[in-house]
There are 2 protein chains.
Amino acid sequence: MFENSERTDLTELGEFGLIKHIAEHFPLSGATSLIGIGDDAAMIDAQGNPVLVSTDSLLEGVDFDLMYTPLKHLGYKAVVSGISDICAMNGKPTQILVSIAMSNRFSLEAIEELYLGIKLACEKYGVDLVGGDTSSSRQGLVVHITSMGLAVNEPVKRSGAKAGDLLVVSGDTGGAYMGLQILEREKRVFLEVKDMQPDLEPYDYIVGRQLKPEARWDVIQMLNEMGVVPTSMIDVSDGIASEIFHLGNASGVGFEIYENKLPIDPQTLQVAQDFDLNPTVVALNGGEDYELLMTISQEHFEKIKNNPDLSIIGYATEQVGKYNLITNAGNTFGIRAQGWDHFDGGATK
Amino acid sequence: MFENSERTDLTELGEFGLIKHIAEHFPLSGATSLIGIGDDAAMIDAQGNPVLVSTDSLLEGVDFDLMYTPLKHLGYKAVVSGISDICAMNGKPTQILVSIAMSNRFSLEAIEELYLGIKLACEKYGVDLVGGDTSSSRQGLVVHITSMGLAVNEPVKRSGAKAGDLLVVSGDTGGAYMGLQILEREKRVFLEVKDMQPDLEPYDYIVGRQLKPEARWDVIQMLNEMGVVPTSMIDVSDGIASEIFHLGNASGVGFEIYENKLPIDPQTLQVAQDFDLNPTVVALNGGEDYELLMTISQEHFEKIKNNPDLSIIGYATEQVGKYNLITNAGNTFGIRAQGWDHFDGGATK
């Protein structure tokens, strides 16, 4: 099946390279398999009715640090990250399955905290927990979410963007990444000065973005009410700079993004400056915001131009594989998703 | 949500206690949630058409030992364990999603071996891989399978058994457990005498049962052709003794099992004796055979009594919660699922 026969380090390929490599060897053959690997969710056919399904893993020490992540928040975030994928297909999240692997160092009460967060998210988004399993882990905690949903209108894939389409993002970006920087800094302080309690209140918005993000099901409903079906869509889990590569590669387009159109919350801006980080880089490369990045046909411009939940940050071009940032000073820079070593598997700076 | 507030060790509850505890707090509310926690798979409704979905995790050091588990076999077994759950709902497996978490000590070629096994199983069972994700793990390998399927006729739950129904198991049981004992013994020998190569050929059947099990989709098809819909069903992943508790508790019945009706392969029998283990205990408590355990109405007795793939091992009684073994000598013993420490998360002895 696979032709190469020498040892190749996984780091050479990276996650997306590996997935692409695998996907090439798994063509869909079943009549009920409608959408396979390569979108935010798969879609299968139940005798004419499409069902969306997606899967996400969160691993302790890789995707979260229990030192500053309350288990309740972890449960909530795990659900959000799962159903965000369903939203990104223009779907309504309906069910989740949760698998937990944990060692005996966790008490029942700890696991209950985790499920309390899961339940809060289920209630908030009107989703049922319908299954899952629990198993023991020798090491850390692993939370795995399978999310299911139904297409609201028609499913929106990553591959439908056309040159000239508007590039639109919901909410603001970079906040979750800066929240992570605050939590990491407070952890270092705490480890050095044991009796120091962190004061996170001045950073409530960005810390909340990191610890208790929301899925933009509200945006999907709003678009539906406005009669707008995006031509392509993805959720911002790894950062806009990474997501435009996915949309561009799948659709065969390039993108131009205007620096001055990037939606950055004032707190994100302030803390980025405090950390001596370029806010534009943070907004482009910070992950885990779970906003929706989409392309929308220009015919809908009037409907969305003044919408406070949506920012038009650029447009799709015919220059396949070219992703440019037009700076405030009018210069053009190539954008690349930065695969730096990172703690949370998502946020890069 | 959860009332207890002191620290409770997870070991006190056990896996099934924990799942029950969780399930009580997650009633189904969505109109499309048809079957929730408590069966082999959940079922959701796609505008009148039911979709089955199930989820399984395999963790290195808990569910498998890479010292004697080839990655190709691991991939195959992971798929089998997932789609076996769909079969156990009287469903046709149609799609899987695979999530892999691994550390950098794995090469691309190693992961390809894993996916080669996944692909073999997909081809064998006519299942498409439609999604999943990969992430990095600090420690061992984690393989997570989400399985989907469509109900063949009507879904068969754990809760439909009636007193008087025949208790039927497909194939034979205990083999996978004895295969594991052989592999563990050879591992110990290998660790002590480095240049000793194990000769597994005399144990080909039981080692194959452990390393490369099959899901009984053939049995589901056969039952369908015979016009037999079981009243309840479950797959034998933790051992018959454990599974009858699930069927009995869900259905509100008890079971009587005849020792001399238990289907034990001659190799399983021989090796159990070599290991000084009681073959009946092995056949009742050995897990990971992925056979189907079901109850069938007596009206179908003539259809199944001489079927080589099916063994009638007992019957359901009105004595709720009573699970008895009638020995060859005519004595009656209470059966209990033995929660002994075990390596593979499934097989108990």
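Predicted model: local features only at pLDDT ≥ 70, side-chain atom pairs only at ≥ 80, totals over all residues.
An α-helix has 3.6 residues a turn, so residues three or four places apart point the same way. After H6(A) comes A:Gly227, with a positive phi near 75 degrees.

Chain B can be read in the same manner. In helix H6 (residues 217–226) of chain B, the buried residues are B:Trp217, B:Val219, B:Ile220 and B:Leu223. Around the axis they cover an arc of only 160 degrees, which puts them on the same side of H6(B). Their cover includes helix H2 (71–87), strand S4 (91–102), helix H3 (108–125), strand S7 (166–170) and strand S10 (292–296) of chain B.

The domain assignment divides chain A into domain 1 (10–151) and domain 2 (166–334). The C-alpha centres of domain 1 of chain A and domain 2 of chain A are 22 Å apart. Across the boundary, 18 residues of domain 1 of chain A are in contact with 20 residues of domain 2 of chain A. On the domain 1 side of this contact in chain A, helix H2 (residues 71–87) provides the largest share, nine residues. By class, the residues on that side of domain 1 of chain A are nine nonpolar, six polar and three charged.

Helix H2 of chain A also contains A:Leu74. With 23 other C-beta atoms within 10 Å, A:Leu74 is buried, since a residue counts as buried when 20 or more such atoms lie within that distance. Apart from neighbours within four places in sequence, A:Leu74 is in contact with A:Phe64, A:Thr69, A:Leu114, A:Gly117 and A:Val143. A:Thr134 is 60 residues from A:Leu74 in sequence, and their C-alpha atoms are 16 Å apart in space.

The contact between the chains comes next. Chain A and chain B each contribute 70 residues to it. On the side of chain A that touches chain B, helix H1 (10–23), strand S2 (42–46), strand S3 (49–59), strand S4 (91–102), helix H3 (108–125), strand S5 (128–136) and strand S6 (142–151) of chain A each supply at least two residues. S5(A) gives the most, nine residues. This side of chain A comprises 30 nonpolar, 30 polar and ten charged residues.

Chain A is superposed on chain B by a rotation of 180 degrees with 0.0 Å of shift along its axis, at an RMSD of 0.0 Å. The two copies are therefore related as by a two-fold rotation axis. Within chain A, A:Ala46 has the C-alpha nearest the axis, 3.2 Å from it. Of the interface residues of chain A, 100% are also interface residues in chain B, so the copies meet through the same surface.

The largest nonpolar core has 202 residues, and those with the most contacts inside it are A:Val51, A:Leu52, A:Val79, B:Val51, B:Leu52 and B:Val79. Setting aside residues up to four places away in sequence, B:Leu52 touches residues including B:Ala41, B:Met43, B:Ile86, B:Met89, B:Met148 and B:Pro155.

Note on methods. Residues numbered from 1 in each chain as written. Chains lettered and ligands numbered in written order. Domains from an automatic or database assignment. Contact = placed C-beta atoms within 7 Å. Helix = DSSP H or I, 4+ residues; strand = E, 2+ residues; numbered from the N terminus. Nonpolar A, V, L, I, M, F, W, Y, C, P; charged D, E, K, R; others polar. Least-squares fit on C-alpha atoms with pLDDT ≥ 70 in both. Core = buried A, V, L, I, M, F, W, Y, C linked by C-beta atoms within 7 Å. Buried ≥ 20, exposed ≤ 12 C-beta atoms within 10 Å, placed from the backbone. Arc of directions from axis to C-beta.
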